[in-house]
Amino acid sequence: MTIKKDVIIIGGGPAGLAAAARLKELGVTDILILEREKLPGGILRQCIHDGFGLTRFKEALSGPEYAARFLDQVGKMDIDYLTDTTVLEIDSNKHVIAVTKEGLLEYQAKAIIMTTGCRERTRGAISIPGTRPAGIYTAGVAQTYVNLKNIMVGKKVVILGSGDIGLIMARRMTLEGAQVLAVLEILPYASGLPRNIEQCLNDYSIPLFLSHTVTNIRGKERLEGITVSRVDERLKPIPGTENDYDCDTLILSVGLIPENELSLMAGVNLDSRTRGPIVDENYQTNIDGIFVAGNALHVHDLVDFVSIEAENLAQAVLAYIQEGSFPQCSIRVETDDQVGYTVPQKVSGQKDITLSMRVRSPLKNCAIQVLQNDQVIKTKKMKKAIPAEMIQMRIKKEELISSEYIKVVVRHD
Amino acid sequence: MIKEFICVLCPNGCELSVELDDNNNISKLEGATCQRGGEYVQQEIFAPQRNIATSVKVVGGNMPLVSVRLSEAIPKEKIFDVMDEIKKIKLEAPVSLGQVIIKNVLGLERDVIATKQVLREQF
């Protein structure tokens with residue numbers, strides 16, 4: 001039996017919960033959230049540190065508390081959700097097949113919202129040589145063990161990659177009594193937020209070695225040690241700089257990839273820069289009625305912006321359900337080589353938009369400019385811009401001067 | 001003397017450059033995008049404070065741990081002492097969000113509070 005729904009939301013993390021609550025507020029009542037974990041809340045359940053919600057709620061909350069704010073809303077509004085439910089298939093007709101302990105479920109939705117989050121890059125993705133012993137974890141997996149399952153992952157730890165989760169885990173492992181010997185970063189700058197370098201590493205005297213990587217792994221059953229080398233400007237290990245560390249645990253914090261396996265099944269086109277779908281100003285993908293927000297669209301550094309993005313998406317989904325389509329979005333948003341990407345990638349020119357973007361490398365005293373027909377239509381001056389921090393620029397529809405493509409560039413003073 | 005700080009109070013992570021006079025008073029502050037920057041530096045010089053987050057064991061619940069944090073920041077040098085106090089605790093489910101787990105921990109006038117709800121496991 002196929003069950004009809006106005007909106008199916010795939011993923012009950014921060015983006016899915018925020019989208020659901022806003023949709024219900026706007027009067028869309030026939031909503032269902034499908035969540036594959038035992039409990040809703042997504043990655044926030046294991047992010048027990050504080051610092052969430054400073055933008056959105058003007059107070060510092062832990063991840064679970066931030067999630068609870070939205071879960072309370074979803075509960076009070078009586079929004080349906082199923083947990084322990086894995087979506088197996090979606091197609092371009094918005095047909096959804098999911099599996100639960102009771103069996104298969106089949107849905108036909110008017111709109112699908114993909115809030116599937118992101119996954120971690122692994123050892124395979126960065127090809128570290130050496131043996132394959134136990135004791136090597138991605139940072140998120142280590143966080144699941146320590147914060148959700150009460151399993152300590154090791155005693156003597158090295159962390160490869162300076163992503164925020166790796167930094168957070170450096171502090172967490174230290175608090176739990178482990179010795180964190182070092183954090184290594186192959187790039188000449190840190191990829192996590194400066195405040196996390198400060199409060200997670202410097203507070204606990206954990207050294208951060210930039211331009212360093214792991215070049216060998218030792219140990220048969222359990223990790224026994226690693227070799228660390230300095231890298232040159234082309235990120236190649238420099239012979240003669242090897243340094244051995246004895247450790248039983250290596251935590252990898254080497255990047256996140258938007259999770260889009262289901263979207264791909266439905267024929268959604270991805271952007272090779274974000275690795276999330278190409279969307280228009282309505283967060284709609286190339287497939288009519290399939291929308292995406294949060295880390296599935298592009299990896300965020302702050303959950304507050306995930307919630308806001310999902311709420312904006314909800315507004316667009318309401319319009320889609322009421323009107324069935326949107327004005328055509330044929331104005332492309334392009335970038336120069338200093339801007340890594342923008343979201344959305346195309347707009348109509350008939351709606352105010354917020355462009356989210358990241359710079360490719362750290363910059364000082366620069367300006368980000370939005371151009372159309374080679375004319376500057378908006379400028380944002382920045383004392384510093386780093387890849388770790390997402391930048392947003394709001395552009396009113398009146399500020400656009402034509403239906404020509406938009407280009408986002410960096411200018412130096 | 002000029003000292004550099006990175007403010008940890010919010011995700012902006014402002015790079016603060018501070019000029020201190022001989023009595024360690026701030027004579028000039030640059031880089032702060034809000035007024036809390038000055039307060040942060042003042043505190044960082046004289047008595048740095050941090051909040052901590054960890055977990056407490058729970059028996060009979062729908063999960064084995066409940067996450068906790070402190071009601072407010074504590075002096076940095078007390079972090080591991082407070083961790084030791086928290087490690088001694090074992091709770092019985094249910095636990096509610098906001099529940100005080102340790103009142104006035106180590107006399108620091110800060111409470112350890114649960115940041116998650118743990119339900120009693122139904123069998």
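Ala, Val, Leu, Ile, Met, Phe, Trp, Tyr, Cys and Pro count here as nonpolar, Asp, Glu, Lys and Arg as charged, and the others, Gly among them, as polar. The model is predicted, so that local features need pLDDT of at least 70 and side-chain atom pairs count only at pLDDT 80 or more, whereas totals for chains, interfaces and linings use all residues. Residues are numbered from 1 along each chain as its sequence is written, chains are lettered from A in the order in which they are written, and side-chain values use heavy atoms, without hydrogens and water.

A search of the whole structure finds 1 cavity of 30 Å³ or more, a cavity being a set of points on a 1 Å grid over the protein atoms alone where a 1.4 Å probe fits but cannot get out, with lining residues having an atom within 4 Å of a point. The largest cavity has a volume of about 130 Å³, and among its 13 lining residues A:His49, A:Arg171, B:Asn51, B:Ile52 and B:Ala53 are the closest to its centre. Helix H5 (residues 164-175) of chain A gives the most to this lining, with 4 residues; helices (H or I, at least four residues) and strands (E, at least two) are DSSP runs.

| Class in the lining | Residues |
|---|---|
| nonpolar | 5 residues |
| polar | 3 residues |

In chain B, an open sheet of 5 strands with mixed pairing has the order S8-S5-S6-S10-S9, where two strands pair if DSSP finds at least two bridges between them. Its edge strands are S8 (90-92) and S9 (100-102) of chain B. Strand S6 (residues 65-70) and strand S10 (residues 112-114) of chain B run antiparallel and are joined by 3 bridges, and B:Val68 has B:Ala114 in S10(B) as its bridge partner.

Note on methods
On a 1 Å grid over the protein atoms alone, a cavity is a set of points where a 1.4 Å probe fits but cannot get out, and a pocket is an open set with protein on both sides within 12 Å along at least five of seven lines; lining residues have an atom within 4 Å of a point. Grid points are joined across faces, edges and corners, and a volume is the space filled by probe spheres set on the points.
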